[in-house]
Amino acid sequence: MEGVPYLALIAAVAALLLAAYFSKVVHAADPGNDRMQEIGAAIREGAMAFLKREYTWVAGFVAVMAVLIFVVLDYGRPWGAIAYICGALTSALAGFVGMRIATAANTRTAQAARNGAAEALPLAFRGGAVMGFTVAGLGLLGISLAYLVFAKWLEVDDPFQVVATFGLGASSIALFARVGGGIFTKAADVGADLVGKVEAGIPEDDPRNPATIADNVGDNVGDVAGMGADLFESYAGSIVAPIVLAALLFAGSSPDLLEATFVFPLLIGALGMFASIAGALTVRGKPESSNFAKQLHRGTNVAAALTVVLALAGAYWLFDPIEEVVYPLYMGLTIVVGLLAGMAIGFTSEYFTSDHYGSVKRLAKQSETGPATVIIEGIAEGMLSTAGAILFVVTAIGGAYWLGQEAMPGIDASGLYGVALAAIGMLATTGAVVAVDAYGPIADNAGGIAEMAELPHEVRDVTDSLDSLGNTTAAIAKGFAIGSAALTALALFKAFTAAAGLEVIDIERVQVTIGLFLGGVTPFVFAALTMKSVGRAAFQMIEEVRRQFKEIPGLREGKEGVRPDYALCVDISTHAALKEMVIPGLLAIVLPLAIGLVSVEALGGFLAGALVTGFLLAIFMANAGGAWDNAKKFIERGAHGGKGSEQHKAAVVGDTVGDPFKDTSGPAMNILIKVMTIVSLVFVPAFI
């Protein structure tokens, strides 16, 4: 049992070594001709410049929060503040590594696409796998070290509250990275689409479009760095939640049981990591097969199957000697329930966002009657998709709660511990899931580079097929992240109520009712703020693209030697994103602090309301946006008139509406509900 944290460290190091190996493979590939390398360098330069400026701003916020933790909280002097900074630094490092590899893999994937998808697919996947295993490896490494340092080696006061501040540090970076990156990428994307494809009638990523470089930079800062920080936070939070919950709820139990409940999340993290490594090594492009979705999903399926076996074996090994645990296998089954629920939510997202199913095909057909019906149908499909996700989440909650209670029938809190374990189950294969997710923006960038470098149209056909699949895999990964957010936030919520001494949240008490309504409206306000931010930033981008088409002679006509001012568009997105991310980001921190200082009961109601509406909005926005995007791509491949038709223009409008849905507001929502919950947990001593 004492060796489990060290096993977790070994698994984390193994993941980072695999990431280093895949990085070497990617960098060894052919980066393409001089024009491709020039475009790739411009994308990397813009992405790294944005990341540097974003991290500089966020560093100031992290410093303020660290001082606040140090001054206000007893356990914050100094360990809580140190753990918070470590969580923030590790999360930022994950985003940085992902950005570096994605901006190296994009040109190489475009070059590989010249030889077909069978060569391009595994290269893009390996680029994504660097991100995936860096995120998972750093997350597991950070939590394992935090547990060992604060709980075992230093034996500090309130060690598990200190570990929770590590999770808060990760959440802080994730929130601003997701919001800032999402605003950047969608400002550029909307500007490029509306002026380029709709007004000017030129193809996506055409080198004549001034916003194309900014659009491709945005794929990296939003869908890679932002997504990486997001899933790092989700992964770390899913491991932290059951550890903190066990410390608060099992305090009177035997030392053996306490130790087992503390290290079991780390054990699952380690076993899931080994399973993900095995799964990632099975993904290869097969020339004789055109079913690339099947090839890409093989890695996650292998990882999931191995995790099921290892989780059951690990639970039996750890809990069988402990007297209070009647059915040790049931502890492993909570992991299985969470994993299956995550896959089910992922399939729901795939059903509503993939053009292999009726939802996207029905949406594409609506383009026959114009953009209004496309938007109506997309909103309806997105709303409908929440029903399946909710069904699977509540099933997971009920099943995991029952298994936890049955496993340890003499301990009242064991059911809630089981729910917290289910959240780990959803994210146990994070390395493989993020690898498949990060593959998407790499394929998208490869397509942009192929277009701007004027490669043969067959190359763009290959990258488009990979990119369309990437939209679906991204929706699946978002499903995992959002589903785990609901379970993790529920576990953190229970930890908060236990730490605050709230045995019940009575909705008949007026302060609870007030908090419930305030919490319910907060995700809507957050979504509105982030969408309006995209709108304002996109307005500036649209005006600039129109200006360049008007004022630069020969640009729109494609006169030889005439190039747009790409750098100015990158700068517009950068300024807008950094300015606009501040208020939505601060909202998640300030509101729970302000309400908690007034009434802890009101804060309990606030968190409950935000959890329900935030989860629903996240699923709705992510799936509606993904459906609009793939409906557009379905038409671009020849359905309903194909590229340049009125139907295509209608679908582009729908896709433009969906851009902030799926890449800004939706994916940031799961971070919002967890940030508010973990802020409340960390600052409980100040409230009471």
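## Salt bridges, a nonpolar patch and cysteines

Lys-186, Asp-189, Asp-629, Lys-632, Lys-633, Asp-655, Asp-659, Lys-662 and Asp-663 are joined in a network of salt bridges. The model you are looking at is a predicted one, and the salt bridges counted in it come to 25. As background, side chains of opposite charge can pair when their charged atoms come close.

Is Asp-189 buried or exposed? Its relative accessibility is 8%, so Asp-189 counts as buried, the limit being under 20%. The side chain of Asp-189 makes a polar contact of 2.9 Å with the side chain of Lys-186. With neighbours within four places in sequence set aside, Asp-189 is in contact with Asp-215 and Asp-659. Asp-659 is also a member of the salt-bridge network.

| Asp-74 | Arg-77 | 2.8 Å |

Arg-509 is partly exposed, at 37% relative accessible area.

How do the other arginines in the table stand? Arg-460 has 8% relative accessibility and counts as buried, whereas Arg-77 has 39% and counts as partly exposed. Asp-74, the partner of Arg-77, is exposed, with a relative accessible area of 63%.

Now to the nonpolar side of the surface. Which residues make the nonpolar surface patch? Tyr-6, Trp-79, Ile-82, Leu-145, Trp-153 and Leu-154 do, and the patch amounts to about 560 Å². Helix 3 (79-112) and helix 4 (117-153) each contribute at least two of the patch residues. Ile-82 is in helix 3. With a relative accessible area of 36%, Ile-82 is partly exposed, and so it passes the patch requirement of over 30% relative accessible area.

Finally, a word on the cysteines. A disulfide is a covalent bond between the sulfur atoms of two cysteines. How many disulfides does a search of the whole structure find? The search finds zero. Cys-86 is partly exposed, with 35% relative accessible area, while Cys-569 is buried at 0% relative accessibility.

Terms used: Residues are numbered from 1 along each chain as its sequence is written. This is a predicted model: local features need pLDDT of at least 70, side-chain atom pairs count only at pLDDT 80 or more; totals for chains, interfaces and linings use all residues. Side-chain values use heavy atoms; hydrogens and water are left out. A disulfide is a pair of cysteine sulfur atoms within 2.5 Å. Buried means under 20% relative accessible area, exposed over 50%, partly exposed in between (1.4 Å probe, protein chains only). Patches are made of residues with over 30% relative accessible area and no salt bridge: like charges are joined within 9 Å, nonpolar side chains (Val, Leu, Ile, Met, Phe, Trp, Tyr) within 5 Å. Accessible areas come from the Shrake-Rupley method with a 1.4 Å probe; for residues, only the protein chains shown count as cover. A salt bridge is a side-chain nitrogen of Lys or Arg within 4 Å of a carboxyl oxygen of Asp or Glu. Helices (H or I, at least four residues) and strands (E, at least two) are DSSP runs, numbered from the N terminus. A polar contact is a pair of N or O atoms within 3.5 Å; within protein, one must be able to donate a hydrogen and the other to accept it, and residues adjacent in sequence count only if both atoms are side-chain atoms. Contact means heavy atoms within 4.5 Å.
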